[in-house]
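Open the model in a viewer and keep the selection tool at hand.

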Amino acid sequence: MTTASPLPDWLREAVIYQVYPQSYADSDGDGIGDLNGIRSRLDYLAWLGINVLWISPCFASEFRDGGYDVTDYLAIDPRYGTEADLVALFDEARSRGIRVLLDLVPGHTSDRHPWFLASAGDPACDRYIWTDGEPGAAGEWVASPGARPGRYLANFYAFQPALNYGYARPHPDEPWRQGPDAPGPRANRAALRETMAYWFERGAAGFRVDMAFSLVKDDPDRTATAALWGEMREWIDRAYPDRVLISEWGDPATSVPAGIHADFFLHFVGPALRSLWGNAQGSHAPAWGQEPCFFAPEGQGSMTLFVEYWRQAHRATAGRGFAVVPTANHDFSRLACGTRTAAMLPPAFTFLLTWPTLPAIYYGDEIGMRYVPGTPDVEGAQLGPEARQGSRTPMQWDGSANAGFSTAPADSLYLPIDPDPARPTVEDSRTEHGSLLHTVRDLIALRTTHPGLGTRGDTRILSETYPFAYLRAGRYLVVVNPAREPATLAVPGLGPVTRLHGSGVTVRGQRVEAQGFSHAVYELATPHTVLP
Ligand code: NOJ
């Protein structure tokens with residue numbers, strides 16, 4: 001556990017927005033989104049009110065895993081533009097109050113990264129994890145492609161060799177199990193700092209850290225991996241104190257005390273996110289129906305699993321950092337998926353933006369873009385049965401060709417646009433009074449102007465079933481009913497309230513009546529009333 005410096009204030013107020021750069025905005029007409037495309041949309045993001053932009057990897061890559069197979073951490077892939085374009089994006093974003101996070105992939109490189117090619121030719125190189133023969137340990141071991149005999153350990157896909165950060169339990173009989181302080185792991189930690197420093201110097205506000213949990217091997221309680229991140233945090237606090245790390249780890253109670261500033265709840269780690277949105281790993285079926293989840297029209301879920309997990313994370317992270325709740329990401333289904341349509345989403349956003357975790361909005365979710373079944377596989381998107389590509393289709397800007405994403409011929413786009421003629425667009429949503437986009441924007445503004453609705457206010461839960469209801473900072477009552485059926489709740493002690501936001505909820509005395517798909521935020525006339 002580190003004794004980390006105070007958190008940057010800006011992180012406490014963060015409303016994060018993730019862009020998958022391939023799919024956001026194409027400025028040069030090659031069918032693939034790019035940095036100048038993102039830059040051209042900054043006014044939209046500022047209008048929406050987000051203040052942190054996370055861009056999935058934009059580094060040199062072979063693109064067999066959408067850019068998570070990096071061949072050079074210090075170079076922008078030409079498909080996205082140049083380093084100067086990225087610096088211009090940093091600067092122009094900052095002038096609108098938006099900080100930019102890059103995506104750091106510390107656990108593995110591409111097998112075409114020069115580090116790996118050198119390692120495959122030189123048995124003395126220990127930047128990766130190699131065995132001479134058939135390894136006796138569990139793990140995914142892949143035959144050497146080079147002059148070096150033996151096998152290497154893969155971290156994800158076979159073409160993503162694990163960088164060697166050592167083993168928590170080294171063993172002399174298994175020489176590939178080096179300790180974290182062996183020369184190879186030390187060199188990799190130095191390289192990690194070098195990569196971070198390079199982009200910090202150019203204006204990155206921090207990194208989303210891919211598979212941050214995966215670095216030290218055979219580390220069941222993650223103590224050694226936590227120590228590695230503690231070391232990185234000490235260095236960041238010293239050298240770049242206003243920059244942050246937001247991890248793909250899925251266990252804030254471990255990652256944040258270790259030194260990570262904020263950590264995502266993840267669909268593949270524990271029930272927390274699945275019990276909210278469902279187990280929606282890009283299946284063609286409405287897979288979120290596999291387990292009852294709370295934000296489903298059938299109303300068969302409960303917030304209890306989420307709340308228990310969140311409480312535990314909250315206790316462990318209080319004062320040190322945050323858990324992050326994403327609407328979705330490029331690995332799992334969007335909020336609009338299967339029978340859960342865009343019109344049903346305002347309660348989900350009301351919860352997301354009035355809960356003390358940090359909110360992260362996946363591009364397009366703010367207009368209700370849907371998970372598109374049948375989207376073709378591209379760049380390693382298909383992961384076993386998980387068709388992740390259905391969540392990676394191009395952003396829908398307007399009614400022009402290719403939904404305004406690109407001027408390229410439709411058949412040369414990175415992925416096809418959602419073919420649904422009724423697909424939502426930013427342009428229509430901005431014009432339509434009461435659209436999901438306006439609801440999301442209003443909620444972001446509400447969170448921004450009422451700090452008690454954000455990370456600073458305490459949280460008191462009044463009901464974990466339909467409607468979910470809670471009190472923030474002793475003065476805001478939030479009610480969300482994401483189910484089709486109306487639901488009511490008695491709130492003894494509730495005095496007069498003023499509605500700040502919402503639709504479909506009525507307060508009659510001490511009784512709250514919530515129509516199907518309703519949501520509301522009230523301010524209590526008498527704050528800190530004792531409610532049950
Ligand atoms: C998690 C990323 O989000 C995912 O897209 C990628 O395939 C794996 N890590 C491997 O880097």
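## Strands of the barrel

Select Gln18 and look across to E2, where Trp54 stands opposite. This is a predicted model, so read each position as computed. Now widen the selection to strand E1, residues 16-19, and strand E2, residues 52-55. The two run parallel and are joined by four bridges.

Eight strands close up in the order E1-E2-E5-E9-E10-E11-E12-E13, and their pairing is parallel. From one strand to the next, the twist averages 25°.

## The ligand

For His108, a polar side-chain atom lies 3.0 Å from a ligand oxygen atom. For Asp331, the distance from a polar side-chain atom to an oxygen atom of the ligand is 2.5 Å.

## The open sheet

Move to strands E6, E8 and E7, which form an open sheet in that order with antiparallel pairing. Strand E6 (130-131) and strand E7 (141-143) are the edge strands, each pairing on one side only. Select E6 together with strand E8, residues 151-153: two bridges join this antiparallel pair. To see one of the partners, pick Thr131 and find Arg151 in E8.

## Cavities

Rolling a probe the size of a water molecule over the atoms shows where empty space is left. How many cavities of 30 Å³ or more are there? The count is three.

Go to the largest cavity, with a volume of about 60 Å³. To outline it, select Tyr73, Leu104, Val105, Pro106, Trp115, Leu163, Tyr165, Asn188, Ala191, Leu192 and Thr195. Then colour helix H6, residues 183-202, which gives four residues and the largest share of this lining. Colouring by class shows nine nonpolar and two polar residues in the lining of the largest cavity, with no charged ones.

The second largest cavity holds about 40 Å³ of space. Select Phe295, Ala296, Pro297, Arg340, Met344, Leu345, Ala348 and Pro482 to see its lining. By class, the lining of this second largest cavity has seven nonpolar residues, one charged residue and no polar ones.

## Two backbone details

The last stops are in loops. Most residues other than glycine have a negative phi, and most peptide bonds are trans.

Where does the backbone depart from that? Select Glu379, in the loop between strand E13 (358-362) and strand E14 (382-383). The phi of Glu379 is near 50°, a positive value in a residue other than glycine.

Finish at Pro467, in the loop between strand E16 (459-463) and strand E17 (468-472). Show Tyr466 as well: the peptide bond joining Tyr466 and Pro467 is cis, with omega about -5°.

Notes
Residues numbered from 1 in each chain as written. Predicted model: local features only at pLDDT ≥ 70, side-chain atom pairs only at ≥ 80, totals over all residues. Heavy atoms only, no water. 1 Å grid on protein atoms, 1.4 Å probe; cavity = no way out; pocket = protein on both sides within 12 Å on 5 of 7 lines; lining within 4 Å. Points joined across faces, edges and corners; volume = space filled by probe spheres on them. Nonpolar A, V, L, I, M, F, W, Y, C, P; charged D, E, K, R; others polar. Pairing = 2+ DSSP bridges. Axes fitted to C-alpha atoms, helices over the stretch in contact; angles between N-to-C directions. Polar contact = N/O pair within 3.5 Å; in protein donor to acceptor, adjacent residues only side chain to side chain.
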